[in-house]
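Welcome! Please open your viewer and get ready to select a few residues with me.

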Amino acid sequence: MGSYYNIDAILTDAQKVPCTFELTVPNMGYLQGNPGEDIKQGSKVELPLWLAEMLAVSNPSGNSSLATLDLPQALSQRVMNALKADPKTVDIRAQAQHFYNIGARMLELFEEEEMVDILTNTFKQRAAEISDQALNSRSALGEGADFARGLDETERQLFRAAHDSTHAVKKWLETAQNS
């Protein structure tokens, strides 16, 4: 879990993830859009991460949790295969606005060694491209515009930091030369 005041952590916790109910839960049908109904055992429901996680760790019957948490579509095998093939071509933002944050949260709950490697490699390759794009302002307006639109929030922060630091160094050099 992130900081209580961290907006990215709050938005990550609000991301909907699939879960499967392991027990029938009376009068909770409103989670499926059926007020007054029961959620039946085996029902699949998309819930905010914070709620799905709480249901997955609860143990009301002593031998089974209320629900099991499943990996979200953003981290599906199809997406992982695309990231393995070429991380720079995947529109990560279309998968999840806070893609890396949701990945980190899921990896706290699931042991997925291959996913750790894929996400790490993806970030490294994309970070190099983000840095190149940030150093060349014109590329952000030209061929890099599609790439920039596909950046998740973590990558956008990295782009801003690289872009702003480049401008700060140029300004400092100009000031130093004029002194």
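This is a predicted model: local features need pLDDT of at least 70, side-chain atom pairs count only at pLDDT 80 or more; totals for chains, interfaces and linings use all residues.

**Stop one: helix 1**

Start by selecting residues 7-14, which make up helix 1, and pick out Ile10 there. Is Ile10 buried, exposed or partly exposed? Its relative accessible area is 41%, so Ile10 counts as partly exposed.

**Stop two: strand 1**

Next, select residues 16-21 to see strand 1, and look for Thr20 in it. Thr20 counts as buried because its relative accessibility is 11%, and the cut-off for buried is under 20%. Which residues does Thr20 touch, leaving aside those up to four places away in sequence? They are Gly42, Ser43, Lys44, Leu66, Ala67, Thr68 and Asp70. Show the side chains of Thr20 and Lys44 too, and you will find a polar contact of 3.1 Å joining them.

**Stop three: a loop**

Finally, go to the loop that runs between helix 3 (77-85) and helix 4 (92-95), and select Thr89. With a relative accessible area of 59%, Thr89 is exposed, because exposed means over 50%. Show Asp86 as well: its backbone oxygen lies 2.9 Å from a polar atom of the Thr89 side chain.

Definitions and conventions: Residues are numbered from 1 along each chain as its sequence is written. Side-chain values use heavy atoms; hydrogens and water are left out. Helices (H or I, at least four residues) and strands (E, at least two) are DSSP runs, numbered from the N terminus. Buried means under 20% relative accessible area, exposed over 50%, partly exposed in between (1.4 Å probe, protein chains only). A polar contact is a pair of N or O atoms within 3.5 Å; within protein, one must be able to donate a hydrogen and the other to accept it, and residues adjacent in sequence count only if both atoms are side-chain atoms. Contact means heavy atoms within 4.5 Å.
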